[in-house]
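Work through these exercises with the model open beside you. Try each task before reading its solution.

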Amino acid sequence: MSLFEQRFLVVYSILLFCACGDGPVKETERPPVAEKINTAAAEYDFSKPLIIKLKKKLKEISGIFYLADNQFASIEDESGTIFLLDYTTGMVTNTIDFAGNGDYEDIVADDNYYYVLESSGIIFRVARNATSPVEKYELPRKKSREFESIFLEKEKGKLIMLCKECKHKDDLKEGYCLDLKSFDFNKQPCFSLDFTSLENALPSGTVLKPSAAAINPSDQKLYVLCSVGKTLLRCTRDGKIEKVFPLDQNTFRQPEGLTFLPNGDMYISNEAAGEQATLVKISYLQQPK
């Protein structure tokens, strides 16, 4: 055996001894493995967004909702007007005035009404046939509450408003329900998103604040858009976070609105943020069965 081979065997034996220590680690001694949030974006192709520029009257577009026939209902932050929007061209096709100037953040609709969310927790009900008077429903006011997102649980007959900021909690976002039969608010939160589960899925110090929410008709999941934090979350209907979609800041300068087509294609609206407001289409790769 050569001198080189002898030295190699000595070094190998030392390394082997160090690696083994006092023997194999028992399975019960292994540290628990934390459940990881999936950060992949396999179902959506974010690499090829279709960007549609919007007119100046929608520079503060803050909410969108799919209706039918290439049409979205949309809301502009400061104007008490519903804009019907052709999402293929970005052109406004009709307008519906329902209130004066305010701070309007999101919109949804059912067969009979539009529902517009005001940031303090007021919901305006506007008849789609424009024959009934506008009704207004207000969550009993408490300080330190701000809302930017609302989604429709049609099967449960409820609207759920999701806190942007409530009680200064950054790790827990609560939701409040408006019953669509009695039109009474549940005074206690009926829904919550726990952001502590994202501790290892986002860069340290990331703060998320929901700006829109919508149920995807293709996979029946709840998606929550966070303009602050530039992140999209896929969740179960009861608020468990399943997947994280980081958003490119150049494409999504100020993402405030979210809706889905029946085939799962996603649309996100961006306020102008010093440039031009946009609609961004993200194609759904996994088509519904």
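The exercises below go from the whole chain to single residues.

This is a predicted model, in which local features need pLDDT of at least 70 and side-chain atom pairs count only at pLDDT 80 or more, while totals for chains, interfaces and linings use all residues. Residues are numbered from 1 along each chain as its sequence is written, and side-chain values use heavy atoms, with hydrogens and water left out.

**Exercise 1. The whole protein**

Task: Find how many helices and strands the protein has, and what share of its residues is buried.

Solution: 
- Step 1. Take the elements. Helices (H or I, at least four residues) and strands (E, at least two) are DSSP runs, numbered from the N terminus. The protein has 1 helix and 20 strands.
- Step 2. Take burial. Buried means under 20% relative accessible area, exposed over 50%, and partly exposed in between (1.4 Å probe, protein chains only). Of the 289 residues, 47% count as buried.
- Step 3. Take contacts, meaning heavy atoms within 4.5 Å. Among contacts in the protein with a separation of 6 or more, 47% join residues 24 or more positions apart.

**Exercise 2. Two residues compared**

Task: Decide whether S74 is buried or exposed, and do likewise for P203.

Solution: 
- Step 1. Locate S74. This residue is in strand β3 (residues 71-76).
- Step 2. Read its accessibility. S74 counts as buried because its relative accessibility is 0%.
- Step 3. List its neighbours. Leaving out residues up to four places away in sequence, S74 touches L58, I61, G63, I64, T81, I82, F83, L85 and I107.
- Step 4. Turn to P203. It is in the loop between β13 (191-194) and β14 (209-215). P203 has 60% relative accessibility, so it counts as exposed.

**Exercise 3. The nonpolar cores**

Task: Name the members of the largest nonpolar core that touch the most other members.

Solution: 
- Step 1. Recall the term. A nonpolar core is a set of buried Ala, Val, Leu, Ile, Met, Phe, Trp, Tyr and Cys residues joined through side-chain atoms within 4.5 Å.
- Step 2. Pick the members. The largest core has 20 residues, and L193, L198, L222, V224 and L233 touch the most other members.
- Step 3. Trace the strands. At least two residues each come from β11 (158-166), β13, β14, β15 (222-228), β16 (231-235) and β17 (241-246). The largest share, 3 residues, is that of β15.
- Step 4. Look at V224. Its contacts include L162, L193, P210 and L233.
- Step 5. Look elsewhere. A second, separate core of 18 residues includes V108, F147, L152 and L159.

**Exercise 4. Salt bridges**

Task: Work out which parts of the chain are tied together by E43 and R234.

Solution: 
- Step 1. Recall the idea. Side chains of opposite charge can pair when their charged atoms come close. The cut-off is a side-chain nitrogen of Lys or Arg within 4 Å of a carboxyl oxygen of Asp or Glu.
- Step 2. Count. The whole structure holds 13 salt bridges.
- Step 3. Inspect the pair. E43 and R234 meet at 2.9 Å, N to O.
- Step 4. E43 is in the loop between α1 (3-20) and β1 (50-53) and R234 is in strand β16, so the bridge ties together parts 191 residues apart in sequence.
- Step 5. Check burial. E43 and R234 are both buried.
- Step 6. E148 and K164 form a salt bridge at 3.1 Å, N to O. E148 is in strand β10 (residues 145-153) and K164 in strand β11, 16 residues apart. Both are buried.

**Exercise 5. Positive phi**

Task: Find where D69 and Q220 lie, and give the phi of each.

Solution: 
- Step 1. Know the background. Most residues other than glycine have a negative phi.
- Step 2. Take D69. Its phi is positive, about 50 degrees, although D69 is not a glycine. D69 is in the loop between β2 and β3. It is exposed because its relative accessible area is 72%.
- Step 3. Take Q220. Its phi is positive too, near 60 degrees. Q220 is in the loop between β14 and β15. With 38% relative accessibility, Q220 counts as partly exposed.
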